[in-house]
Amino acid sequence: MKLLKRITKPILLPHCSQDLLLAIPRIVCGFLLTSSFGADKFGLPWSPADNNLGFFEVAFWFPNDVAAYGGIFAIAPAFFAWMGAFSEAVGGIFLLLGYQTRIASFLIMSTMLVAIFAQQINNGMWNCLPAMGFLWVGLFYMILGSGRYGIDYLVTRKKTSL
């Protein structure tokens, strides 16, 4: 339990306004991951209706794309497709809310590394930019945590008696 609390507890900056400014990219990237990138591949209540995805269901085409990466991805494409879609969709929600920010950031970073080096690198650097942006945001928040403006802070702050 102590390890989970250490992982969860965010680093706080000296002023509340600094934490507020640092919350903006976390919230924006979390929203984009879950509403656009993740919702197209993973069944969430806001997934596009024409994708015909059930709740927590992976898009039918995604395991085939993952298998095309070769190596370990070809051995278990359904597992890796589910993990990738989950980390974008649910990890995006967690990032948005600042809940278990470091764990969500690690999952997002792992997914973005695969997206960059297994999927997009042969299509040119320009196609890698979205994944690279999410990779750097994930790295940043894996180190700092959510800051004051996230659920992690509310869960780990010391309670003061009135």
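A word on burial before we start: buried means under 20% relative accessible area, exposed over 50%, and partly exposed in between (1.4 Å probe, protein chains only). This is a predicted model, so local features need pLDDT of at least 70, side-chain atom pairs count only at pLDDT 80 or more, and totals for chains, interfaces and linings use all residues. Residues are numbered from 1 along each chain as its sequence is written, and side-chain values use heavy atoms, leaving out hydrogens and water.

Now select the aromatics: the whole structure holds 13 aromatic pairs. Rings of Phe, Tyr and Trp (its six-membered ring) pair if their centres lie within 6.5 Å; planes under 30 degrees apart count as stacked, over 60 as edge-to-face and the rest as tilted. Zoom to F56 and F86, an edge-to-face pair at 6.4 Å centre to centre with 85° between the planes. Is F56 buried, exposed or partly exposed? F56 counts as partly exposed because its relative accessibility is 34%.

Next, pick Y69 and F73, also edge-to-face, 5.7 Å centre to centre and 85° between the planes. Y69 is partly exposed at 22%, while F73 comes out buried because its relative accessibility is 18%.

Last stop, K41. Its charged end sits over the ring of F62, 5.6 Å from the ring centre (the cut-offs: NZ of Lys or CZ of Arg within 6 Å of the ring centre and within 35 degrees of the ring normal).
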